[in-house]
Amino acid sequence: MKTSFFALFFCLFTLASLAQKSEYSSLTISDSLKQNADAVVRLDQMDIAIASQRSMNIKIQRIVTVLNAQGLSDIEAYQHYDKSTTIKNIEAIVYDAFGNEIKKIKRKDFKDQSAVSGSTLFSDNRVIYLEYTPISYPFTIVYTSEIENSNTAFIPRWYFLGSYNLSVEKSVLNVSYPNNLGFKKKEFQFSDFKIQKTIDTDTKLSYAAVNILARKAEDYSPSSDNLFPKVMMGLEKFHLEGYDGTATTWEAFGKWYADNILTETTVLPEETKTKIKALVGNEKDPIKKAKIIYDYVQKKSRYVNIAVGIGGWKPMLASDVDRLGYGDCKALSNYTKALLQVVDVPSYNTILYGDRNKSNIQSDFVSMQGNHMILAIPTGDNYTWLECTSQDDPFGYQGTFTDDRDVLVVKPEGGAIVRTKIYEDNENTQKDKGAYSIDENGNFSGSISIISEGSQYSKKYGIEHLQPTEKEKHYKDYWDNINNLKINKISFVNDKENIRFTEDAQVTAVNYATILSNKMMFVVDAFNQNTGSVKRIRNRKNPFEIQRGYLDSDEIEINLPAGFTIEFLPSNFELKGKFGEYKTEIVKKDSNKLTYKRSMFLNKGKYSNKEYDEYRLFMEQVAKNDNAKIILTKTN
């Protein structure tokens with residue numbers, strides 16, 4: 001009887017021990033949450049307590065089971081801090097696949113370093129983060145942190161699902177706040193997800209979500225930020241960088257920002273003012289003055305990468321940028337503004353989201369937003385936009401980092417939401433003009449001039465700064481349809497005045513054509529062939545997006561080898577649809593000379609998942625026709 005009691009006790013103890021460990025065991029995760037997932041968030045909870053206009057406490061608990069190496073980035077165990085942010089607690093515990101604790105990581109074991117390299121002025125901006133190398137997969141990390149922040153202008157957005165290939169077992173957001181600060185919220189992309197609002201009063205807000213399944217990152221998918229559920233929050237009465245502010249209208253918010261955050265930041269030494277006035281000379285045209293100033297800034301300064309909100313919201317002094325020759329986006333924009341003031345050219349600091357994926361300032365949600373700053377110069381009813389962080393961008397060119405999105409222009413009289421430059425599809429051009437010859441042995445020699453404008457310019461102008469080996473690799477990748485390619489000569493003309501980039505190339509390749517008996521066969525389109533197929537995705541879940549359209553036009557002269565006649569010539573081809581237009585034409589000049597003409601126009605747009613296969617077939621037809629071949633027959 002006694003033996004049975006101890007056996008039962010041991011059994012119960014073992015089961016209790018296993019139950020305790022199983023909380024963090026990967027064995028307890030359902031198969032549905034593991035499907036398509038590199039990591040599973042077991043719990044993601046943020047508790048935000050806004051005590052007053054100048055005090056906010058944020059607690060985070062994040063438990064993540066990492067299934068493979070691709071899931072390491074989903075741990076997200078880091079915290080930025082500065083003089084307005086105090087880290088009260090940060091720690092992590094690591095568990096193995098069975099829920100056994102294998103490591104406890106205290107604050108002293110986290111990496112703590114400057115968030116900005118190469119800058120002494122931003123030494124207060126630091127990041128503390130977990131650097132953990134796993135022994136095996138899967139494993140689970142329980143991460144907790146707590147911070148106090150006096151800046152209440154920026155309340156973190158809450159993402160119920162942070163990225164592709166990530167699933168969430170449970171996500172919780174709790175917010176408490178005084179009822180006199182004008183707390184507000186905006187919900188995004190809730191309709192496709194089961195998000196439950198558990199509390200919504202005049203002082204508290206809570207959300208909960210369970211079992212959000214991972215989504216695969218399908219080709220042409222929109223940014224996860226524009227697809228997954230999130231909540232934006234803000235206060236109408238907030239505190240920022242030592243100043244109390246209000247965010248009731250964009251006009252009022254912009255005026256407050258100009259009067260408080262930007263005030264007294266554009267003072268320059270008299271010596272610099274004298275130099276700038278001499279540099280501009282007697283020029284009267286404001287835009288021509290601005291071009292001179294912009295060129296001066298590009299040659300004098302370098303960019304230090306500090307996102308808005310990490311390096312503070314107030315730009316460093318223009319006099320410091322002038323002395324040191326570097327700054328972040330806020331600093332360089334503000335410095336350029338100060339120099340323009342010297343020669344009586346007005347300009348406005350402009351806050352936006354800088355990213356290759358277009359992202360708007362939410363115009364119906366007045367609050368501190370954005371991660372980047374540029375400069376706006378008024379030109380009549382429009383603006384000329386200056387990207388002050390680049391040492392290479394042409395004056396007034398936006399490229400694909402700040403184009404076609406809503407931004408906040410901060411004027412002395414108040415803020416205004418404005419749309420930046422839209423590069424229309426037919427403005428994003430690439431024009432190819434050239435010639436190639438095929439000799440009697442099937443060898444290829446050709447020359448081509450490629451002129452790129454609009455958003456296509458931004459993809460090209462950096463090529464001239466590549467090392468010789470990098471340039472060769474670029475063109476071998478670009479013309480990967482030409483086997484045995486040899487680059488004989490490459491030259492460039494970067495016309496920054498007209499924002500036009502020209503590539504001139506001379507190339508050769510042995511055995512471009514295939515010779516069998518008395519037949520020779522080769523692909524007509526050598527220089528701008530669409531060789532990339534659009535992947536077939538069965539049961540596609542995500543919508544898809546073509547962010548920027550373009551227009552390619554080619555005219556290539558083809559010289560055929562002597563002693564051959566044309567047996568087969570591809571027919572002219574035309575394709576039209578909702579996604580664009582494609583057309584090819586071959587004109588026979590004489591027995592040994594052809595002219596090949598091709599145009600490809602693609603529409604930008606947002607499309608449903610059900611339209612993806614139609615797009616795939618459209619591009620498949622383009623690729624198939626681009627691969628059309630000429631067949632020649634030897635005559636002697």
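**Cavities and a helix pair: worked exercises**

The second largest cavity holds about 60 Å³ of space. The model is predicted, with local features needing pLDDT of at least 70, side-chain atom pairs pLDDT 80 or more, and totals for chains, interfaces and linings using all residues. Residues are numbered from 1 along each chain, and side-chain values use heavy atoms, without hydrogens and water.

**Exercise 1.** Sort the lining of the second largest cavity by class.

*Solution.* 
- A cavity is a set of points on a 1 Å grid over the protein atoms alone where a 1.4 Å probe fits but cannot get out; lining residues have an atom within 4 Å of a point.
- The lining is Ala153, Phe154, Ile155, Arg157, Met232, Met233, Tyr353, Ser367, Met368 and Gln369.
- Ala, Val, Leu, Ile, Met, Phe, Trp, Tyr, Cys and Pro count as nonpolar, Asp, Glu, Lys and Arg as charged, the others as polar.

**Exercise 2.** Describe how H4 and H5 pack.

*Solution.* 
- H4 spans residues 270–280 and H5 residues 286–300. Helices are DSSP runs (H or I, at least four residues).
- The angle is about 125°, and the axes are 10 Å apart. Axes are lines fitted to C-alpha atoms over the stretch in contact; angles run from 0 to 180 degrees between N-to-C directions.
- H4 is therefore oblique to H5.
- Lys275, Ile276, Leu279 and Val280 in H4 meet Lys289, Ile292, Ile293 and Tyr296 in H5, contact being heavy atoms within 4.5 Å.
- These contact residues divide into six nonpolar, no polar and two charged.

Note on methods. Helix = DSSP H or I, 4+ residues; strand = E, 2+ residues; numbered from the N terminus. Parallel < 35°, antiparallel > 145°, perpendicular 65-115°, else oblique. 1 Å grid on protein atoms, 1.4 Å probe; cavity = no way out; pocket = protein on both sides within 12 Å on 5 of 7 lines; lining within 4 Å. Points joined across faces, edges and corners; volume = space filled by probe spheres on them.
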